[in-house]
Amino acid sequence: MNRQVAVHAGKPLLLILIALMSVGTGAFLAMRAFTPRHQAQVVEGMVWGEPMGVLALPEAMQAELEGKQAAGPADAGSTAGAASLTPQELEEAQEGNVAERISWYYEQRAYPRDEFPIDAVQQAVEHMQQMPSDTGLAAAEPWEELGPAPIDEGSLGYFIDNNGGLGIWRDNVSGRVKAIEFDPTNPNTVYVATATGGMWKSTDGGQSYTSLMDNVPELAIHAMAIDPTNSQIVYAGTGELGNFYGDGVLKSTDGGQTWASLGSNIFRGLVISSIIINPQNPNTLLVAASDYVFNNPVPTTYGEDVFSGIYRSTDGGQTWTGLLTCRSRCLGFTDMVASPANPSVLYAGLAGAGMYKSTDGGDNWTALSFPDRGYQRVELGIGRSGNEDVLYAGLETALTVNGRPVPWGVIFKSTNSGASWNLLDTNTTPNYCGQQCFYDNIIVVDPRDANVVYIGGNTSNLDNADRTQGVIHKTTNGGTSWQDLTPGTSVDRMVHADMHAIALRPDNPDIVWAGSDGGVSRSTNGGQTWQHINANLATAQFVNIGVHPTNPNIAFGGLQDNGKSRYDGTRWVGVDTGDGGYSEIDPFSPNIWYSTRFNVPGIMQFQRNTQNGSSSPNDWSQSINGIDTQDRVQFYAPFELDRATPGVIYWGTYRVYRTENRGDNWTLISPDLTKGEQTRGTITSINVAPSDSNTIYVGSSDGLVHITTNQGTAWQNVTRAPLPNRQVSDIAVHPTNPAIAYVVYNGFNTNTPDTPGHIFRTSDGGQTWTNVSSNLPDIPALTVAIDPRQPDQIYLGTDVGVFETADAGGSWARMESGGFPIVPVYDLELNDVTRHLWAGTYGRGVFRAKLSEDGTTPPTPTAQPSTTPTQTGPTATPPAIGPARPRRGGYRAFRGGRGRPRPGGCRARRVS
């Protein structure tokens, strides 16, 4: 059946699906007319398993790199020795490897398989259309959006002060921005697309923004295009290269107020990497579609009916024709541009397999002379000089350093419309996206002069170790030399690292907008100085939040690449740096705040701040004495406070550690509570029974649940049917009965069809379990909270929002009063003292709901006086806890921090 659904901004919609991947479904099916694939040209992609190509390293650069390697790295788990690190090393030490974070995000939903069952989402949407909503079961007031909008004094980057300490350049920041487009009739109207927060619109040049997609499931947007003849027509390409699956093209005919989904049956699971509108016939548009998600081709679940490639519509997106496609499991086309002189001349980069050109609007394609292996994502910029198109292609390859390949962002240039390509001199071209070109890679050419080019990526400089710099570079001579537009010498001379979008204002290209992991920045002088203009852009990606025990206006949380942010009732202020993780405020001494950064074997980062969450990274001391830093561990490692005993905290790797002095010293209290090295199992959830500190429940990434009733002296594996073999996301224990608990599972029922369900209940300490998922759809569940006054009132955070039940899971309803967006909810915190339910989302910040005062307040432990811990690091020798265990690589697409396509698929074959 052919159908098209309009989504009205600001009105609740019963169409919901997995927002984490921005994967749409059959509920948003477009018109199905589609030219059979065998009529299209077919390119069979890249040869899987090819090694990364290696280029000869210039002698001066090699000497420089070898000198830095000889100096040796500093302790990446702290700021000590920061001056000996390059800015890129500092960024990685604070934030962690991007591939590791993406792997963490992906694996928890895929286990026990290596793929998402995307087809199951269609069934989930149809199911959810029948669910009740806005029932008002418990909320006294609707959801309140708290921001950050934006984060004030967020971290832009690092510098080393005169005393050798680590300083932070701070300004307003927001979440990751992927694309920026100007209204061709009014350049003060700007559209901003984000990674998991949908599209936003400013009509006043960035002074304020309006969210356009809170009720649209596809919240990851990678590409945009505006009809040059009717600026009310806007197209958005869903998904994000390297991060999230997509679901076709969204179209608005009223400037973003309503949206229709186009082509979801054709582009199912693919990322729309580029959209080009033919200005001579705006109903004709072309898109590039890519399998390049999580550094992996689309999973085999799709079968042979999903083809990456170039597609064309001649009726405004209602029907599509495949023009140049590659078989399932190739990475696909990661960028496409049109000639400024002739929109029928097109250039497209096929990841790992070369460059293609069409001179007839896509009917026929020719393979150009271009390197055909040794890289993945290709990013293109195009200008015009005389009668020729000038093209720049950015990609990641490797240069040889000390006999081994080092990832390097290189640029190839063509001055003859793609006929030949030359590598720009790597002595003078900055390594602008090295090691992360799959993630942050952008090239833009000034339309007035093809010699003026902007490139953006990761921090790239290697000649200074005193600050973050080199996020955006510019050349005015076609790449002969480059200027660092972000040298990091002051707030207005830098932008947030990890650059994804650069847009030149059409009426004045010296006005430059840039989108990064920190939101939006703008320059009015060709990049010489910058302003950070995130206004009310509420797109922060929270991993976890912690709330004050008695004050309803104090909270903080860890964010993707934006450190931690502290809420004081009126605004959010940035604290610390890098990737923030789990966050808690001490219930006995609320001036003490705990949090984590990322964790990988060799780097453990449990932090303590005794200054009410103060902003200086130096106030967030590392407290890991006694923890084996070689343990397998989650990228964001869980910890849990014992809210009945001052100073007691539990930390999880693949086993459990306990501290009685707020982290000064840790003691191992468990064996391996996972299935072991073969599954790379780690602990994902820890929960202490509120009424009995001896009882602790622990869940693992490979589906196990353990319980101890004697603080870890002995552990019992209580994993039994009907519990599924999927990752445990969270556990909540009854406020007065430690034998009653709820365990929440991530992933999809279709990955464990014999044991479906997302939330399970035990009333006998795990001896038996009951599936209480009842009418919940098949969606990943992430977090759970129990109302202490009404223990049968349960709240469940999922990839598509919050659900609630008043009968312990007998039936569920969506809790969307107040316009809660369709967005992943990573953490729910229920404060019974203030009667607030807090929701930390991954893409739309934090929301809060006031709960009713009904029910009886359960007895709570009496707080005992406690000693404030020392602020200096512990000096005791860690106890012997066994040999360091080598870690198997992460998800196989990311072994060694390098994404590699899996074997299979097709062989390279040129098409001409």
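Visitor: What makes Y842 count as buried or exposed?
Guide: This is a predicted model. In it, Y842 has a relative accessible area of 0%. Buried means under 20%, so Y842 is buried.

Visitor: How many aromatic pairs does the structure hold?
Guide: It holds 26 aromatic pairs. One of them is formed by Y826 and Y842.

Visitor: Why is the pair of Y826 and Y842 called stacked?
Guide: The ring centres are 5.1 Å apart, and pairing needs centres within 6.5 Å. The planes meet at 25 degrees. Under 30 degrees counts as stacked, so this pair is stacked.

Visitor: Which parts does the pair tie together?
Guide: Y826 lies in strand 59. Y842 lies in the loop between strand 60 and strand 61. The pair therefore ties together parts 16 residues apart in sequence.

Visitor: What sits over the ring of W620?
Guide: The charged end of K564 does, 4.9 Å from the ring centre. The limit for the distance is within 6 Å.

Visitor: And what sits over the ring of Y654?
Guide: The charged end of R632, 4.2 Å from the ring centre.

Visitor: How many residues of strand 51 are buried?
Guide: Six of its six residues, so the strand is mostly covered. Five bridges join strand 51 to strand 52. At least two are needed for strands to pair, so these two strands pair. They run antiparallel.

Note on methods:
Residues are numbered from 1 along each chain as its sequence is written. This is a predicted model: local features need pLDDT of at least 70, side-chain atom pairs count only at pLDDT 80 or more; totals for chains, interfaces and linings use all residues. Side-chain values use heavy atoms; hydrogens and water are left out. Buried means under 20% relative accessible area, exposed over 50%, partly exposed in between (1.4 Å probe, protein chains only). Helices (H or I, at least four residues) and strands (E, at least two) are DSSP runs, numbered from the N terminus. Rings of Phe, Tyr and Trp (its six-membered ring) pair if their centres lie within 6.5 Å; planes under 30 degrees apart count as stacked, over 60 as edge-to-face and the rest as tilted. A charge sits over a ring if NZ of Lys or CZ of Arg is within 6 Å of the ring centre and within 35 degrees of the ring normal.
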